[in-house]
Every structure is written in structure tokens, then in C-alpha cells.
Amino acid sequence: MSQSRKFPVTRMVAASILTVAVAISGCSTKKTDSSQSAASSTAAATSASAAPSETGSIPTNKNFKIKVMSWQGPQEQYGPAYNNAFAEYMKLHPNVKIEHLFQPNANNGYAKLLDTQFVSHEAPDAMMLGNVEGTKYMDQDYLLQLDGAMQQPSAYNSGQAWIDTFKGGAKSFTSAKSGNKYGAIAMIPVDGGPGTNPVIPFYYNKDLFAKAGVTNLPKTWTEFLAVCKKLKESGIDPVAADGNRFLLWMSFFTAYPLEPGHVAKMFDEKYRKPELKVDMRRVAIATGKYTADDPVEGTSLDLIKDFAQYWQQGWAAINEDQAKQLFLLGKTAFYMDGSWDYSYFEQNVKNFSFGVIPFPTITKDVTPLSSEAFPVSGDQQRAGWGLNKDLEKDPDKLKVVLDLFQFLTSKETQKTMSDTGVFVPVVSGVDISDKVKPFVANEQNSIPANQINEVPLFNESTDGKAILQVWATGQADKKTTMSKLFEQASAHVKKSVSDAMDEKSGVPNQIVTLQATLDKLKANHAADNLIQAAEDSLNIAKLKLEFYQQYAGTVKQQ
Amino acid sequence: MSTKVVVSSGKKLSKRLSSLLAAAGFVLPAILFTYIFEYYPMVNGIFHSFYRWNGSNIEIFVGFENFKEILKDSVFWTSVRNMLFFLCASIILMLPTLVTSIILFRIKNSRMQYLYRIVLCIPMIIPGIVVMLLWQFIYNPQFGLLNQLLSSLGLQHLQQLWLGDPSLVKWCLIFIGFPWVGSLALLIYLAGLQNLDSSIWDAAAIDGAGPIQKALSIEIPLMKGQIKLNLINVLAGSVTGYSLQLIVTGGGPGFASFVPGLYMYQHAFGSASSDYGYASAVGLLLFLIAIIISLLSMKFIRSED
């Protein structure tokens, strides 16, 4: 063969190899997480999703690598608590490796990452989630429904049904189920259980208080503003605020005490269930029952504006980390934060001493709409860890992940985690330390979950924070602010209501799915509690559909 | 004889085909990647701009409803006004890079020229987000460097809220690029200048042209191709970009630094709603705006390429 004939062939071969190599390297491959190897383990495993399955030990003939993600990094307060617990679990089960991924929550970075990970099926096996994200991902079918798993015995709690080991039992999950289209448990609580005051307290600088001559800790809203005024007159910035998290919290905490049941009372009593809380709010706005000049939401706006005069200048453009720095540097007297940062302050506050005071009570002399109470926390679990729905494809791995979370929610582990992390345990029968007590609910936390005023317009608007920034900095009047909130909320809820009534993707479809699940459970002679849980979910879904048909039939599909 | 001709033609065809196939094989990966990572997402985005789509189970055809809603939204128009501000500022701020490239080109000492070029290109290796976060701290009204510096110089009366002041925030964001000498644009201008025939400067020297006259009459007109290229980058970046606003201010305070790119981002990833269809519609509109502005700009620039 001549050179001239060889060369094109060589070039072709090279080109083909290059193309194939690039194509193969460009394709993502899922690495298998298990491999054959002998190991010992004695923990029991539980089943997955709504379908019943056998209980048993976690497989011992395989290695497992579990990826979990949270915003609790190694320097964060809960980080060490989680990492220590994971280490204990790995000692107990040497064939399991847990990789705890840290992703900061600032600037919504956590949710943005998960959005892309879920779409590409690269999300971790379990991830810490807030209520809003948990609902969103459950509605998008990225999370496992956990009702069935929760009914199984906990391997670490004397064989009790896992759900019964949580404070408040099954009833404590009714609010967590609300809002997602399946009415299902989307998350496993691990930190910050019922008993945690849902209203975040204020850390305060004792030295600045002394400098301003403040001797009594404020208990009411009036006293609190008086203290802020005194601090300001002494040349001290009273509050370290930010235009993101703090503003969000204030919008909720000033609204919570106002006219409980304000939205629920717009509908028939039989629909006033915690699971329909979000639906009621959306339908109220979509049908005009909740108006742009709602007096209750208007009052909460006034409270924010009154308070905003005591926030440091330029607050609207900074985030919570910079606000925290202000407090740490001793430049402000108050900083709103949760128990998760207690250890951080203990380690980093050098030049002053600090304390914690509960959020002040908004009394009737401030506004007659106030109930002088706060939302009850004792009976509802809030947020937690979601499990990736892709785990269904690997039942053995799913057993291990469920076992891990049963371990994390055992009494012994909860006690250790609570002491390290300073949070209220999520399960019953655990003693809490003195550090935790300021963050625990008290007798004022008495408003039931389905009656809390959750600022519907703000909640459902797309640019609520920006609109409130404009309001709180005095750049817009109240009418303009509420009109803007209403305009955005209205547009959003009309779509949500249309989607809920959609035959293919809404509540009707959910009912079909749940009915099929129930029929399958009955056919398989599943445990009574599983069947009951499925029936409850189905009944709620039917009630939801009835609710939409009765009240939202006129809302046009967009 | 005819058989010989046929066989010879057949061999030539086969050789040609082999060459073509080999060439195609080498080019194919690039084409595939361009299709998968550039054209497919673009077409997919355009397709979904006519849907209400949450990226998962809801995918409902809504026609032009998304576009109607966008055009009726006052927040969108506020963001467009802000975008136009940043666009005009970005165009004006192309000047420092242009001037710097001319000055750099005129440095006679080649070693010094090389040194200055390195110094001006070093900022390229620093991630942009680091710069943004640093400036965020510099601008902090309470403990930022800027206000602290003014205080130490006895100029407390000049202290401002900077990013916290709606009337100042856009200017503060523009200032973050100071001294507005873009490394990549600089290299493009230098390349253009180095490609010019050196006899032009000899002729200018004979005619007695001064430095400014040389710049205005020779260098800038002959660099229209490079200016056009950088202008397109600036236009596209200003119309669609939002990373600066996202990181530094979140679009605030209020809507003072809100831009259309951020509007699109919030609708895709906002916690109240994840409507990728709506966000895709915003993206398509931005694309059209960028195209129209670019075409209008090109009409006024004649390139000698």
C-alpha cells in the first residue's frame, strides 16, 4: 500500500478515535456507590415511599457511599453536631461512608444549586431543606414521599413506629404536609423540633445596653421600641438589619400575632385544615376575598415601617452576614438570629457580653388586631431533610439512608446533637440544656398552625422583598406598596390555582395516584397504619379538590 | 482505455471522500459540543418561552401569554430603564481601554511596553466575584473602607450609604470597574494596532500631526473593526448581564439596581415561583433587544475589515 493511500486511512482512524473518545468523555456516567466487600452491621433497615416493604438489617455485603448536603458547614453551629453524629454512624456501620457536603445558604445559593442538581439528577441522596423548598421540590417530584417509611418501626427507639417517636407524633406533621400537592411528608426533621419558638429571638449587646442606660429587658413591642429609641439617642445603632433574611422574618413575625384565622374564616369550617392552609391563602387572593387593602396585612406593614427607623442606615443593600458582622463588631445592640449561631457568638464575640431576649409581644395598645400571642410550635415539625426520589432505583441504598435518619433521630443521638448544636430536639423524652431554653416556646405560643396570619400578599408575590424595601425606606406609600404586592400575588396565585385544578398535573391527578396507592396497599394486605395514612392523604386530596371546585371554579386558566 | 479512466476517477473520488470523512471526524466534536451546549439550550429556551413550565411536571402551552405578562409588568420596565443606564455607561467607559491601548502601543521601549501589558492583564486571573465581594465590603456604610477612609481624613460629611442609597447605587456599581481598563478588550485593540502598516505613522509625522490628532485621525478610524467587536461584547453584556447586581446588591435597594437579567433569574429561581417558561420568555426578549441594539450600532460604524 502506498503512503498516499495509507495516510487518509490513518487520518480517518485518528478522527474516528477522537470523535468516539470525546463522545464517551462527554457523556456523564453515574458511578455506582456500592461494591462487593465483607463488612459487619447489625442495624435494622426500613422501607421506602408509600409502598410497604419488609424491614430488616441494612445490607452488609456491600459498601455504601451516601451524599448528604446542608448549609451547616464545619464552622457553622450545627455542622459539628451533624458531623459528629455522622462519624458515630460510620463507626456503627463501617460499610457506610457519609459525605457531608456544605453549601452556604446566603443569596439563595443553596436552593439555586439544588434546582440545577435535581434537573440533572445529580442531587445528593439527602438534603437539608426549608419549608418552602421542601414543598417546591415535592411538587416537582424530586423528593420521596416519606409517609410509608415513617410508619415503620424505628430501629433505634425500641421498635416504636418512627413517626410516633417525634414530638407530637403523626399530628405534628400535618402542617409540614400542607402546601405540597400530595399532602405527603416531604422531610425528616432532625434539628429544631416542636418546642422551638417559631419566632426568632434577638441577641443583644449587654455593654451597649449599659452604655445607653437600659436596665430592663423589653418584653412588649412598645417597650422594645422605647429601648431602641434610647439606644439611638445615645448614638448607638439599635438593630443590625439586612434587606434579605431579616426583612423576611420581620414581615412574618409582625404579622403572626394579628387576627388569627383571618384567611381561614373566609371559607367554610370544614376546609379550615392545616393541610389546606396554603390553598386557602391562594384561593382567597385569586377570587378577590383577600384584597389589596387588607387591613391585617396593612397593619403589619405599619409595624415594619415603625421599626425600620431603628435599623442601621443602608440596611437594604446588605445581607445577613454583613449584618452579623455589625453585631460582632459591637456596632449595634440587637441582632435577630436563631439558636444555630449561639456557639458562633460564644466563640467570636470578644469585646462584649451578650444575651438573648424573646421577640417582644405586640400588645393591643399597639394595634387592636393583635392577639398578643404567637404561633404554637409545640405540635408541628418544621422543615428537615428531604430524600432524593432517585433513591427508589437503589432499594438497598435507600434502606441505609432511612436507617441513618432513624439513627439521627434516636434519643441518644438527639441529646448529643442538641447539646453541641443548641437546638430543640425533634423527638420526645430528651432533656435540653440551659443554652437551648431561650429558644424554646412558652405559654404565649398558642395560635394554631391553620390560623397563623402569614402575610398572603407578601408570601405569594415574586418581588416581595424588593417591594418591602421600597416601603420600609419610605420611597412608596402604603397604597402603592399593597397594590404592587397584590398585583404580583394575584398573577402568581391564579396560575397556582389553575395548576391545582389541572386534570393532568393537579389535584385530580393526585387523587388518582393516591387512590392507586391505596388500592395497592389493600391488595398487598399492608399494615393498618399504612392504609390509614394513605386514606388520610386521599381524603385530604379529595377535600382539596372539593374546596377548589367550590371556591375557585371561576378562576380562569392562564 | 475507458476502463482505466473510470478506475482512475473512482480512486480519486474515494481519496476525496476519505479526506472529507477525516476532516469531518476532526470537526465533529466541536460541532457536537456547539449543538449540545449552545444551540440546543437556545432552541429549547425559545420553545419553552411559549409554555408555563416549572422544569418538571407542569408544561402547559400558553402561547404569547408570557410575553404579554412581561410587557405589562412595571418591574420589567423599571429593570429595562436601569439596564439602559448601565448600557450607556458601559459604552462611554469603553474609552479608557481604547486610550490606554493607544498609549501602550506608543511606548517606544519594548520592555516597558511588555511590562505594562503584563500589569494590565493580571486582573484577568482574579475571579470577578472576588472583586465584587471586596467592593461590597468597601462600600459598607458602617465598617467599609470608603467611609472609614473619609472619616480618617476628616471628611465625615462626604460619607454616604453608597449601595444602600437608591440614588447612588447604580453609580457605585459602575465605579466597581475602576479604572475601567478591560484586559481582553485591551489585547484586542493592541492586536489591531500592531497590524497597521507602520508607514502611516511616518506619513503622519511628515504632516506634523500631534498625538491627539494621530489618535483621532489615524488610530481610532483604523481600529473600527476591533471597536465594533468590543462594542458587541459590551452591548450583549450590558443587556443580558446581571451577575454584578445579583452578587453586590440583589437588585436593591428596592428595584434601584434591578436589571432584566436579574428579573429573568428571579422568575426562574425565586422561591415563590419557578417558572422557567416565563424566564425563557424574558431571555428571548433580551436576546431580541440585544440583537436590535447591536444592529443599530453597527449601522453607524463602518469597518475596513
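Visitor: Why are H12(A) and H18(A) called oblique to each other?

Guide: Helix H12 (residues 295-308) and helix H18 (residues 464-472) of chain A pack at an angle of about 60°, with their axes 9 Å apart. Angles under 35 degrees count as roughly parallel, over 145 as roughly antiparallel, 65 to 115 as roughly perpendicular and the rest as oblique. H12(A) and H18(A) are therefore oblique. The axes are lines fitted to C-alpha atoms, for helices over the stretch in contact, and angles run from 0 to 180 degrees between N-to-C directions. Helices and strands are DSSP runs numbered from the N terminus (helices: H or I, at least four residues; strands: E, at least two).

Visitor: Where do these residue numbers and chain letters come from, and what kind of model is this?

Guide: Residues are numbered from 1 along each chain as its sequence is written, while chains are lettered from A and ligands numbered from 1 in the order in which they are written. This is a predicted model, in which local features need pLDDT of at least 70 and side-chain atom pairs count only at pLDDT 80 or more, whereas totals for chains, interfaces and linings use all residues.

Visitor: Is the crossing of H12(A) and H18(A) left-handed or right-handed, and which residues make the contact?

Guide: H12(A) passes H18(A) in a right-handed crossing. A crossing is left-handed if the near helix is turned anticlockwise from the far one by less than a right angle, and right-handed if clockwise. Leu301(A), Ile304(A), Lys305(A) and Ala308(A) of H12(A) meet Leu468(A), Trp471(A) and Ala472(A) of H18(A). Two residues are in contact if their C-beta atoms, placed from the backbone, lie within 7 Å.

Visitor: How do the residues of that contact divide by class?

Guide: There are 6 nonpolar, no polar and 1 charged. Ala, Val, Leu, Ile, Met, Phe, Trp, Tyr, Cys and Pro count as nonpolar, Asp, Glu, Lys and Arg as charged, and the others, Gly among them, as polar.

Visitor: What makes H3(B) roughly antiparallel to H12(B)?

Guide: Helix H3 (residues 74-92) and helix H12 (residues 224-240) of chain B pack at about 155°, their axes 9 Å apart. That angle makes H3(B) roughly antiparallel to H12(B). The crossing of H3(B) and H12(B) is right-handed. Met83(B), Phe86(B), Leu87(B), Ser90(B) and Ile91(B) of H3(B) are in contact with Val234(B), Ser238(B) and Val239(B) of H12(B). By class, the contact of H3(B) with H12(B) has 6 nonpolar, 2 polar and no charged residues.

Visitor: Why are S7 and S9 of chain A said to stand at the edges?

Guide: The open sheet has the strand order S7-S8-S6-S9 (chain A), with mixed pairing. Strand S7 (237-240) and strand S9 (354-357) of chain A each have a single partner strand, so one side of each is left without a neighbour in the sheet. Two strands pair if DSSP finds at least two bridges between them. Strand S6 (residues 202-205) of chain A and S9(A) are joined by 4 bridges in the antiparallel sense. Asn205(A) stands opposite Phe354(A) in S9(A).

Visitor: How many bridges join S3 and S5 of chain A?

Guide: Strand S3 (residues 64-70) and strand S5 (residues 126-129) of chain A run parallel and are joined by 2 bridges. The bridge partner of Met69(A) is Met127(A) in S5(A). Helix H15 (residues 395-408) of chain A packs on the sheet, touching S3, S4, S5 and S11 of chain A, and its direction makes about 50° with that of S3(A).

Visitor: What makes the peptide bond at Pro179(B) cis?

Guide: Omega is about 0° for the bond joining Phe178(B) and Pro179(B). Pro179(B) is in the loop between helix H8 (169-175) and helix H9 (183-194) of chain B. The bond from Gly252(B) to Pro253(B) is also cis, with omega near 0°.

Visitor: Which residues does each chain give to the contact between chains A and B?

Guide: By count, the contact takes 44 residues from chain B and 47 residues from chain A. H1(B) gives the most to the side of chain B that touches chain A, with 9 residues. That side of chain B has 19 nonpolar, 21 polar and 4 charged residues.
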